[in-house]
2 protein chains.
Amino acid sequence: MTVTDIATRTYNHNFRLDPIVRSLLDTDFYKLLMLQMIRHIHPDVEATFSVINRTRSVRLADIIDEEELRAQLDHAREVRFAKKELIWLTGNSFYGRQQMFSPEFIAWLADFRLPDYRLRKVDGQYELCFEGPWTHTTMWEIPALAILNELKSRAAMRNKGRFALDILYARAKTRLWEKVERLKLLPDLVLSDFGTRRRHGFLWQRWCVEALKEGLSDRFIGTSNVLLAMDSDLEAIGTNAHELPMVTAALAGDDASLARAPYQVLEAWRRHYNGNLLIALPDAFGTTAFLRDAPGWLADWTGFRPDSAPPIEGGEQIIRWWQDQGVDPRTRLLIFSDGMDVDTIEATYRHFNGRVRTSFGWGTNLTNDFRGCDPDGDEGLEPISLVCKVTSANGRPAVKLSDNPAKATGDPAEIERYLRVFGSAGHAPSPVVV
Amino acid sequence: MTVTDIATRTYNHNFRLDPIVRSLLDTDFYKLLMLQMIRHIHPDVEATFSVINRTRSVRLADIIDEEELRAQLDHAREVRFAKKELIWLTGNSFYGRQQMFSPEFIAWLADFRLPDYRLRKVDGQYELCFEGPWTHTTMWEIPALAILNELKSRAAMRNKGRFALDILYARAKTRLWEKVERLKLLPDLVLSDFGTRRRHGFLWQRWCVEALKEGLSDRFIGTSNVLLAMDSDLEAIGTNAHELPMVTAALAGDDASLARAPYQVLEAWRRHYNGNLLIALPDAFGTTAFLRDAPGWLADWTGFRPDSAPPIEGGEQIIRWWQDQGVDPRTRLLIFSDGMDVDTIEATYRHFNGRVRTSFGWGTNLTNDFRGCDPDGDEGLEPISLVCKVTSANGRPAVKLSDNPAKATGDPAEIERYLRVFGSAGHAPSPVVV
């Protein structure tokens, strides 16, 4: 006797939309931490975020249907924080601290919704941007990227048969488990999932997170995805991102305050979180310049998240700086999160093991590695380098230099100015794959 | 909103038995072809079939619960041919011939049920045998083996978590698809599924068959499993097995008629099927002896299924015999089915390509290759060499010598006698893995 759940089957063949973003917690934890500070310090700053596809060869607007994209973006705008989500944010501890979020902030979140978007097609790409208060536009970064990446995945799989999909996922699972088995061999590994924005899809990210939990147990310390952290009783991981120094720099009146901006924002961060969450991004305008002019108090921070230099060189540079400051690197933390995969995690782990504490934020190559998994040999599931960056603040252009000029964003004239102020020492171009 | 089909979930957590054999067509096609002839020629012969586990190191009676085994065997005895199955046997063509089964035989099948069994535990193994008319006991071979193998799989997976099972099957699917991709490179491959008896489980065999259909299209010519052939619109593949010469030999009155038995049964076969299905097993009592004394008319047959000699040597020996008979081997067929896997299929295919037609019956290594797939590293899913052989006919011991003494079965004194009659030329021991 074959039993079919007729209601489910009928629904499955009739539903109008399979929403990609179903919760406002389906975002990176650092967005919430930053948002709380932005609301406190810059409630009136206007900031524009823009989606940029660095993989120009992939013509997203030819792949993703505009109507579908609009339907997903519109749906995300309907989503509100659920009561249980706000209760969890209030009652849960983060990095061992209770009440990371103030009651007043939580109350404000209750009414939060994503602001409007502007979308148009230009030369095979989508121009997608979000204009308005920084307190609102910042929250589009992760859902916008997750929506675009998952729609791209769905498009690549649209015409695949049941069997091809079965092989595809069997291979991807096998592949990830091979990676897990290699990572198991690193006894002091500290790893977290940073793969929300570039994920193949939500369900796949959830599977990947379950795989890490199952395979690495306490070496897997958590996920940047707040929803998955809540649902799977994992730690929510993350502190801050480039948008903080970028907006602060954009708002700086002159070159002298521009030069001070990267440190000024970190001081504000330290004050706002009472000396917790002391991880600094050194590379917004180049790590060499950042360390050269860094104030002594930064050496007391927990550590750095080098995010664009090659991991070993970037780490060594920071270790030398700590040593120059008279600090023992073994008491400090380096978090590597730039395009890591199992090879680079192993190499970086082995290189630094015993010399400095390390932690790895594993992103695209965790949650979107389907390379070679398609039994038809199609390449539509190859990950692309899609970002959503702040491009202006209060009408002034925002710039990122990074250690890798290929990751620089912003108006060319303004980039010139930043290069004049910070210099280009230590910048080295390297291809950006993911 | 989470939707649960409550009826299904309740059933899933309450059902008493997950039956392994749900159809009497879930057997090898050759059993039905042989049965029709047995009924015609030997309706009164009593034949005992016994299960033999050649992999003594695996103590099946310690692994498989006796009560569960009895429940499955008892359930199989309740199963009858369904009306639609008999209609399909009647209306379908096999090897291009209509009405392979007579109306009288089909009518007889309508009342068929599997006969009783005898089961006891001896030294960590099950003694399982089937006594009664050959027309009934013969039909136990495949379901008995399928039941034991699937119960062994279930026992190995009983304590595995949801996630470990997910990885296990992802790996097994990935593994099989790698094999398919290798086999795709052989342009004139002719392959069929012979994996019913040793399968990991029914659903897995069905998946494997779907994989071959999807990946090899018309190079996959069909399956020995009649149920899968019917349900998936594939050709049912198979002709005859060792039990025919073994019983004929056991019934032979003296050494002279014993020596004639292997040819006598083939003559009966040819007559019974009007010159169709002309594939001979040469190795029941050793291929060298068989070919040495073979009558000239055998050279007119379609081909041979060498089933215990190493494939290349066994094939070459038969090719030489054809040449001695003045027959062009390119007009003849060799079917290889003894423990084949992708390496041996490739090597055998390449060796004979263009010199003789070849076909491969892929069994255990198709439907039960989970070696190294268990994420916990357990070996409970390694396949074993389990057979169900005719051990006596009308009270006289039945013997198989085979080209590989490790595959010989029967009473030692009787084996001595057979060796005296047929000789042991060409016999070469080789480990039996599956």
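Student: Why is B:Thr248 called buried?
Tutor: In this predicted model, B:Thr248 has a relative accessible area of 10%. Buried means under 20%. The value falls below that cut-off, so B:Thr248 is buried.

Student: Where is B:Thr248 found, and which residues is it in contact with?
Tutor: B:Thr248 belongs to helix 12 of chain B, residues 243-251. Beyond its neighbours within four places in sequence, its contacts are B:Ala261, B:Gln264 and B:Val265.

Student: What about helix 12 of chain A: why is it described as largely enclosed?
Tutor: Eight of its nine residues are buried, so the rest of the structure largely encloses helix 12 of chain A. Among the buried residues are A:Leu244, A:Met246, A:Val247 and A:Thr248.

Student: How do you know that A:Arg199 is buried?
Tutor: Its relative accessible area is 0%. The limit is under 20%, so A:Arg199 counts as buried. A:Arg199 sits in the loop between strand 4 and helix 10 of chain A.

Student: Which residues is A:Arg199 in contact with?
Tutor: Leaving out neighbours within four places in sequence, the contacts include A:Asp26, A:Asn149, A:Glu150, A:Gln205, A:Asn225 and A:Asn368. With A:Gln205 there is a side-chain polar contact of 2.9 Å. That value is within the 3.5 Å cut-off.

Student: Why is A:Arg120 called partly exposed?
Tutor: A:Arg120 has 48% relative accessibility. Under 20% would be buried and over 50% exposed. The value lies in between, so A:Arg120 is partly exposed.

Student: Where is A:Arg120, and what does it touch?
Tutor: A:Arg120 is in strand 2 of chain A. Not counting residues up to four places away in sequence, A:Arg120 touches A:Gln125, A:Tyr126 and A:Glu127. The C-alpha atoms of A:Arg120 and A:Glu66 are separated by 8.7 Å, with the two residues 54 apart along the chain.

Student: How do you know that strand 2 and strand 3 of chain A pair?
Tutor: Five bridges join them, and they run antiparallel. Pairing needs at least two bridges, so these strands pair. One bridge links A:Val122 to A:Gln125 in strand 3.

Student: What makes strand 2 of chain A an edge strand?
Tutor: The open sheet of five strands has the order 2-3-1-11-12, with antiparallel pairing. Strand 2 and strand 12 each have a single partner strand, so one side of each lacks a neighbour in the sheet.

Student: Why is strand 10 of chain A described as largely enclosed?
Tutor: Five of its six residues are buried, so strand 10 of chain A is largely enclosed by the rest of the structure.

Student: How do you know that strand 4 and strand 9 of chain A pair with strand 10?
Tutor: Three bridges join strand 4 to strand 10. Four bridges join strand 9 to strand 10. At least two are needed, so both pairs qualify. Strand 10 runs parallel to strand 4 and to strand 9. A:Leu191 stands opposite A:Phe360, and A:Leu333 opposite A:Arg357.

Student: Which elements make the right-handed β-α-β unit?
Tutor: Strand 9, helix 16 and strand 10 of chain A make that unit.

Student: Which residues of helix 16 of chain B are buried, and what do they pack against?
Tutor: B:Val342, B:Ile345, B:Glu346, B:Thr348, B:Tyr349 and B:Phe352 are buried. They pack against helix 9, strand 4, helix 15, strand 9 and strand 10 of chain B. After helix 16 comes B:Gly354, with a positive phi near 90 degrees.

Student: Which residues touch the most other members of the largest nonpolar core?
Tutor: A:Leu89 and A:Phe101 do, in a core of 134 residues. A:Phe101 touches A:Phe29, A:Leu32 and A:Leu89, among others. Apart from that core lies another, of 122 residues, including B:Ala47 and B:Val356.

Student: How many residues does each chain give to the contact, and what area is buried?
Tutor: Chain A gives 17 residues and chain B gives 17 residues. The chains bury about 1600 Å² between them, 61% of it on carbon and sulfur atoms. A:Phe163, A:Arg171 and A:Trp177 supply 33% of the area that chain A buries against chain B, more than any other three residues.

Conventions
Residues numbered from 1 in each chain as written. Chains lettered and ligands numbered in written order. Predicted model: local features only at pLDDT ≥ 70, side-chain atom pairs only at ≥ 80, totals over all residues. Heavy atoms only, no water. Buried < 20%, exposed > 50% of the residue type's maximum accessible area, 1.4 Å probe, protein only. Contact = heavy atoms within 4.5 Å. Right-handed = clockwise from strand over helix to strand, strands pointing away. Core = buried A, V, L, I, M, F, W, Y, C linked by side-chain atoms within 4.5 Å. Buried area = accessible area lost by both parts, 1.4 Å probe. Polar contact = N/O pair within 3.5 Å; in protein donor to acceptor, adjacent residues only side chain to side chain.
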